[in-house]
There are 2 protein chains.
Amino acid sequence: MKPIVRTIQMKAAVPSLHDNTADIDRLQQALLQTLDDRRPVVIPYQIMTSVARAFRLADFKGYALLNNREHGWEVVGFSKVYPPVVAAMALDLGTTHLEATLLNLQTGETLAEGNLENTQIGYGADILSRIHHATTKRRQLKPPANDYQDPGLDELQQVIVAAINELAETLAARAGIGAADIRALSVSGNTTMAHLFLGLDPYFICREPYIPLFNRAPAINGEQLQLVIHPMAPVWVMPSVGSYFGGDLISGILASGMAHSDKTRMLIDVGTNAEVVLGNSEWLIACAGAAGPALEGGVARMGMRAGPGAIEYVSIDPKTYTLQYRTIAEVEPMGICGSGLIDLVAALYLTRMIDIRGKFRDLATEQNQKRAAFMREHLVKRDDRLCFVVTGIKNSGKSEAEVVLEQIDLDAMIRSKAAMYAILTTLINQVGLEFTDLEEIIVAGAFGRHINPQNAMTLGMLPDLPLSVYRAIGNSSLRGAEKVLLDETARLECEKIVSSITYLELNVNQEFMIRFSGARFIPHTDPSLFPSVPLFSRMEK
Amino acid sequence: MKPIVRTIQMKAAVPSLHDNTADIDRLQQALLQTLDDRRPVVIPYQIMTSVARAFRLADFKGYALLNNREHGWEVVGFSKVYPPVVAAMALDLGTTHLEATLLNLQTGETLAEGNLENTQIGYGADILSRIHHATTKRRQLKPPANDYQDPGLDELQQVIVAAINELAETLAARAGIGAADIRALSVSGNTTMAHLFLGLDPYFICREPYIPLFNRAPAINGEQLQLVIHPMAPVWVMPSVGSYFGGDLISGILASGMAHSDKTRMLIDVGTNAEVVLGNSEWLIACAGAAGPALEGGVARMGMRAGPGAIEYVSIDPKTYTLQYRTIAEVEPMGICGSGLIDLVAALYLTRMIDIRGKFRDLATEQNQKRAAFMREHLVKRDDRLCFVVTGIKNSGKSEAEVVLEQIDLDAMIRSKAAMYAILTTLINQVGLEFTDLEEIIVAGAFGRHINPQNAMTLGMLPDLPLSVYRAIGNSSLRGAEKVLLDETARLECEKIVSSITYLELNVNQEFMIRFSGARFIPHTDPSLFPSVPLFSRMEK
């Protein structure tokens, strides 16, 4: 293990009249000999006095704590005894949520976990409105000098730093240490979140030709960001590839291990955008598209993020027409999340309540008695619009709130699933492969953890492949952030991933538009692509 | 010229949909190609936004301003047009005085000069009392943590930073720029002053075995020291060799050029201590001793530093017994400085008013009439002590203040000159050379600028050599500080000097003590060492 903060045992000669080397020089020279890797060893100005004192108190031998920085070693502490815990925090800095792990760099073990809402939501739910908030209050200080005040950007930075500090305090308390004992932080987020976190101007991210201020973050420490972690803690921000291809996805690729193997894999990460990467240790190609909103629960009227109260699972028995559902944390249903939506729409299709266009069928022509009864109960008008009531049907007399699916939600779902399939096919076609050539399809995030791939295949959202091809890896962005803390080679691999990746721009891609149109049916205009999905026309009437 | 802040002309490709490299990465990559020296190029976090904005405003081409740091390049500015002035300040940080030069790194020209008293004097006139002030108020914050508060040290640092800021403002104003336009600072001072300037614990400097906290300062910038110069200005602190061999002397060796030539030279720098270096490009040997006080004017009752009102020159005509003197700035005499003292004591010896031990002769036995008359006028009792009145004899009725020399002052002068000569002979003997082997004796500082080497030879303070051997170089500490700003090789040479120097400890040196005793006569117990000096016994009675 070569963690980002290393503990190095060392011993220096004791000062005498015949060896009057200065304390700091003595420490530095002994470390250069011990490390013996030709990289420079610096003792940063801010902590010279405290390190020199600790070194003296320990009688010039003990354990030096070193930040492993890109250009060399940075001595940040010294102790007489071996420190059993050197804590570091990995953070997935999402647009809506923060999720973090506290690790012990000495052992690799997890000390604590936690999550928090991204309080920037108060300044805008999505990336674009936050960039707007960050950049519209800008004031030039004294022309022609190039100094500006960015109160909006400062505000967003302060808010996110405060949230991270809260998370750091919570996790540290759970692990029985102080927040200032956190010796490193890795941050994995999309490009805009990385800019907002560092307080760096995101203005050009959303303006053609969409250029971020930075992709590779400079060396920073806790002090510079006013974090409550150790002032000299290195803050590693995952590198990004471009404005719409962020460090969170680089982190995911790292966590998936796909860049390590000669077998070709596909990684699907659904957030606000669907981000997809294809490749192996030789090459990587990636693209992103707006397939996400419906799947993340962001579009449907009753849609919600996967969280307590979200209906994450739905089934309708095609024989008995019994509807079953389960909510996250098994509390009262409050809405429906992406996986629940997929289950529901697949069930509506398989029970012939929607047609291949995703439209509610006409009740009047229904001949199946059970289905007709079920439809009469669930397919109701609300505010003069036809809705499928999943739960809490008002006229049933129950007190719980209704969770409904409207035609407009179905349409959005069809668009999302079509976009997803079009993205996947455009990408695989780009490299001349077939889906069957894939070793694995890795589905990341809450989406990957909750969805039923069989139902996604039924809708024609994911390719029709054996279920064993699909693997869920949970929060890959966080897993990657953990990896870079624990392993130097993972940090180097990030660089390799960034430099080997090709980005396929879909906004200007004609093929994508054609494939998108073809995918706007369940499962597809070309049903031979989905041999395992029953055809509507052949289903029992 | 390879100054510490370089201006590099460069041009990057303009961003497009087909080249969406981030602004900072674009700048970095273009610079790496332009510089082509395999050293890393970093754009520090603090100024990423302002540099990126300037880069955009300049349409991605123009002039990058780069700090040339030990481990690589640091981009600190960008401008569309060539900056005609890139200002940097060189500072001699003396225990009693600060002297500074403002240079244009683009041309090497001097923009302004200035000096100021070291306001730390209010906290102690000498190094030891300042270390005492810095370290006695220390409070441990929360045992067993290794955190301390050093209010005394903080105070001394703030005072010196304020003085440097005042000097920076003054020099910048004289040059017609702002203090924040000063893009670099080099500081040359003794080891304790370097510690106090950086706020680093000087406690062990004056305690056996006399270990400084640091000899090589880390990379620091203006912001970290709360200086008014540019926040990203590199602050280069001259490296030192040990507690009593500071960066000021390394700077002097650099300025003298002695480490560049195969001819052997000697450098004498008289401050509070006399510091002497001997050597050439192959080897350097140095020592220091307490020869200074009398010579700097610090011991004699009427002694003063070379400054306005100090008698810097005295002569007594051996035929007419006419006393002449000159004060610095030609104002009313207020005291006598080192060069004046040397002139005066040499004149008193050559006119037989003091004997070879430096004792006032007995007026009663005087046979020369003119001399007797002169002695009766000038050799008077004050507070029951015999004094030689240089000027302003009270009974002459003039209003000016008396400047007098007492026997006690003469004794101190003899000790100082004996120490100086003993230092020089011990040092040259150490390497098996003779004074006649020396190409040059370089005398630095105010002392070197004002003294008459002939009179110093008469006293037996400096070796009896042709006057052409002696060269004054003024404030060598400041000259060296200027060099490191203008020339990268000078910075590397400092390292070479530090590593090639041998320090001869005189406090425990038996030979030095013997030579010191032998030198306590004018010119010496062995007059054959000073063939050009008239022997007292043979002088006209």
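Asp59(A) is partly exposed, at 42% relative accessibility. Its salt-bridge partner is Lys80(A), with the closest N and O atoms 3.4 Å apart. Lys80(A) is also partly exposed, at 49% relative accessibility. Asp59(A) sits in the loop between helix 2 and strand 3 (61-69) of chain A, and Lys80(A) in the loop between strand 4 (72-79) and strand 5 (87-93), so the bridge ties together parts 21 residues apart in sequence. This is a predicted model.

## Salt bridges

How many salt bridges does a search of the whole structure find over all chains? The count is 44. Side chains of opposite charge can pair when their charged atoms come close.

| Pair | Closest N to O distance |
|---|---|
| Asp59(A) and Lys80(A) | 3.4 Å |
| Lys359(B) and Asp411(B) | 3.1 Å |

The chain B pair links distant parts of its chain, 52 residues apart. Lys359(B) is in the loop between helix 8 (338-350) and helix 9 (369-378), while Asp411(B) belongs to helix 10 (residues 407-430). Lys359(B) is partly exposed, at 26% relative accessibility. Asp411(B) is partly exposed too, with a relative accessible area of 22%.

Chain A also holds a salt-bridge network. It links Lys2(A), Arg39(A) and Glu488(A).

## Where the chains meet

Chain A gives 49 residues to the contact, and chain B gives 49 residues. The size of an interface is often given as the accessible area lost when the parts come together. Here the buried area is about 4000 Å². Carbon and sulfur atoms give 58% of that area.

The interface of chain A and chain B has four salt bridges. Polar contact joins 20 residue pairs across it, both residues at pLDDT 80 or more. On the side of chain A that touches chain B, helix 1 (23-35) and helix 2 (48-57) are the elements that give two or more residues. Helix 2 supplies the largest share, eight residues. By residue type, this side of chain A has 25 nonpolar, 13 polar and eleven charged residues.

Arg53(A) lies in helix 2 of chain A and Asp150(B) in the loop between strand 9 (148-149) and helix 4 (151-175) of chain B, so the pair joins two chains. Is this pair buried or exposed? Arg53(A) is buried, and Asp150(B) is buried as well. Arg53(B) and Asp150(A) also meet in a salt bridge, again at 3.1 Å from N to O.

## Cysteines

The search of the whole structure finds zero disulfides over all chains. Cys337(A) is buried, with a relative accessible area of 2%. Cys206(B) counts as partly exposed, at 22% relative accessibility.

## A buried alanine

Ala134(A) is in helix 3 (residues 127-136) of chain A. This alanine is buried, with a relative accessible area of 1%. Which residues does Ala134(A) contact, leaving aside its neighbours within four places in sequence? They are Gly152(A), Leu153(A), Leu156(A), Leu196(A) and Pro202(A). Thr436(A) is 302 residues from Ala134(A) in sequence, and their C-alpha atoms are 45 Å apart.

Notes
Residues are numbered from 1 along each chain as its sequence is written. Chains are lettered from A and ligands numbered from 1 in the order in which they are written. This is a predicted model: local features need pLDDT of at least 70, side-chain atom pairs count only at pLDDT 80 or more; totals for chains, interfaces and linings use all residues. Side-chain values use heavy atoms; hydrogens and water are left out. Contact means heavy atoms within 4.5 Å. Buried area is the accessible area (1.4 Å probe) that two parts lose on being put together, summed over both. A salt bridge is a side-chain nitrogen of Lys or Arg within 4 Å of a carboxyl oxygen of Asp or Glu. A polar contact is a pair of N or O atoms within 3.5 Å; within protein, one must be able to donate a hydrogen and the other to accept it, and residues adjacent in sequence count only if both atoms are side-chain atoms. Helices (H or I, at least four residues) and strands (E, at least two) are DSSP runs, numbered from the N terminus. Ala, Val, Leu, Ile, Met, Phe, Trp, Tyr, Cys and Pro count as nonpolar, Asp, Glu, Lys and Arg as charged, and the others, Gly among them, as polar. A disulfide is a pair of cysteine sulfur atoms within 2.5 Å. Buried means under 20% relative accessible area, exposed over 50%, partly exposed in between (1.4 Å probe, protein chains only).
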